[in-house]
Amino acid sequence: MHRRVALIALVVCALVAGCGSRLTDEQRAALAVPLGGGAETQQGTAPGDEDGGVAGTDGTAGQPGANNPQQPNKQPNPPGSIAGGCQGTGGATDKGVTAGEITIANISDISGPVPGLFQAAQQGTKAFVEYFNATQGAICGRKLKLVSFDSRTDSGGDQQATSQACEQAFALVGSMSGFDQGGGPAATGCGIPDLRASTVTVQRQRTPVSFGVASNVVNLVSSAYPDLVKSSFPNAAGAASFLYLNVDASSQNARSMQKAAEQRGLKFVYTQAIDIADVNYAPYVAKLKETGAKIVYWMGSAQYAVRLQQAMRQQGYTPEAFITDPSAYDAQYVRQGGAAVDGTVVYTNGAMFEENNAQVALYKQWLGRVAPGAAPSYFGMFAWAAARLFVQLAAKIGPQLTRKAMLEQVRGVHDFTAEGMVAPQDVGGKRTSACMSLIKLKGGTWTRLAPASGYSCGPLIDTGVGG
């Protein structure tokens with residue numbers, strides 16, 4: 001789906017360029033994304049390895065480190081292993097790489113005014129690392145080691161953590177930081193591959209070593225997004241509205257999405273920015289009723305979506321569709337909003353947790369192991385996908401693993417799905433996914449709205465907003 005699903009820029013609106021590196025507590029609260037609880041995250045700690053097959057296949061005896069009698073015996077990876085086969089470890093080929101281990105780092109917002117803002121991304125990365133080490137063997141004889149950092153919901157925290165990771169790790173994997181512009185210069189300076197769950201700021205999107213697995217850019221919107229809405233609510237397409245939090249990220253994304261929708265035939269009767277400090281939504285609901293809006297788009301965090309829908313319920317106003325981003329696809333949103341949020345429509349480019357998807361099942365299983373009680377989330381899912389992509393690319397490179405070789409491989413990834421876990425993502429091209437789906441909350445349960453299965457794809461519309 002289009003990057004908005006990424007959402008991040010949408011969800012953590014106050015985080016994008018133009019908002020600055022620091023916000024008031026009220027503004028930061030606007031970034032809150034409902035995330036499941038879970039295991040503790042300690043800066044600089046790594047998960048312990050679990051017993052499982054170790055690896056080796058792919059390469060030749062003439063490569064450095066191959067058939068080294070000082071290295072432990074390696075057994076073939078299990079059938080269907082993500083890492084494939086490869087013989088010889090190549091030894092210590094780059095920073096964070098030894099004959100038996102690859103150290104990766106995750107930098108995500110754990111502390112700050114909104115505790116656990118992106119804890120799900122760190123949990124998703126950790127879940128994959130433990131899954132891989134326990135069941136998949138190794139990458140050319142090398143296990144994965146994860147070191148986790150807290151970027152503290154602050155650009156300075158992201159910068160400091162990135163500088164430390166540059167010295168300790170081979171690559172950054174699955175990271176999610178609200179102020180991710182902070183670490184961009186440090187990442188570029190040390191040349192560390194940065195395979196993120198998603199990039200939030202324009203600055204990080206433009207960082208040459210950083211790539212979002214949820215590939216998103218503000219100005220490119222998939223035509224599938226407005227087309228699905230039109231086909232799902234044909235009698236409402238002539239009376240749409242767009243409400244959004246009045247911060248740069250939400251404003252840019254809302255304007256871009258509205259322009260794309262207008263190009264595909266939707267007509268808007270009301271558009272309104274809402275200040276973060278505004279607690280009275282009644283006037284906006286009155287305007288929705290006055291203009292006859294039948295579709296209400298919301299751009300901002302889920303907690304503010306709840307506030308708007310509660311105001312709508314109080315005035316007896318029920319549009320044909322209330323549409324928002326994947327931050328609402330969360331158990332806490334349902335609990336917080338109750339009956340007021342029933343009927344919410346979410347656009348997403350990830351698989352549904354309620355459907356039968358092998359990768360989602362693995363993610364949920366191993367999330368339960370590393371963070372008992374944690375709920376699966378959109379951001380955790382893309383962090384898992386980022387870790388999976390890292391392993392695939394590292395295995396493709398083989399024993400001679402270097403940061404330069406990894407970056408070259410990432411740039412060639414243009415159709416990544418994590419084995420059907422997410423819609424095709426143009427990771428290397430840094431272009432918005434062309435595919436998405438709509439899901440709907442009904443009776444407290446999320447169900448698929450459109451298409452009937454999979455995703456709907458369409459050409460990308462360049463709206464010129466934020467490009």
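Guide: Helices (H or I, at least four residues) and strands (E, at least two) are DSSP runs, numbered from the N terminus. This is a predicted model, in which local features need pLDDT of at least 70 and side-chain atom pairs count only at pLDDT 80 or more, while totals for chains, interfaces and linings use all residues. Residues are numbered from 1 along each chain as its sequence is written, and side-chain values use heavy atoms, with hydrogens and water left out.

Is cysteine 140 buried or exposed? Buried means under 20% relative accessible area, exposed over 50%, and partly exposed in between (1.4 Å probe, protein chains only). Cysteine 140 counts as buried because its relative accessibility is 3%.

What does cysteine 140 touch? Contact means heavy atoms within 4.5 Å. Leaving aside neighbours within four places in sequence, the contacts of cysteine 140 are Cys86, Gly88, Thr89, Gly398 and Pro399. Alanine 395 is 255 residues away from cysteine 140 in sequence, yet the two are 6.9 Å apart in space, C-alpha to C-alpha.

Now follow the chain into the sheet. Strands of a sheet pair through backbone hydrogen bonds, either parallel or antiparallel. Here, two strands pair if DSSP finds at least two bridges between them. In this open sheet, 5 strands pair in parallel, in the order 2-1-3-4-5. Strand 2 and strand 5 (210-212) stand at the edges with a single partner strand each, so one side of each has no neighbour in the sheet. On average, neighbouring strands of this sheet are turned by 25° against each other, direction ignored. For such angles, axes are lines fitted to C-alpha atoms, for helices over the stretch in contact, and angles run from 0 to 180 degrees between N-to-C directions.

Further into the sheet, strand 1 (residues 101-108) and strand 3 (residues 171-173) run parallel and are joined by 2 bridges. Across this pair, alanine 105 stands opposite leucine 172 in strand 3. Helix 3 packs on the sheet, where it touches strand 1, strand 2 and strand 3, and its direction makes about 165° with that of strand 2.
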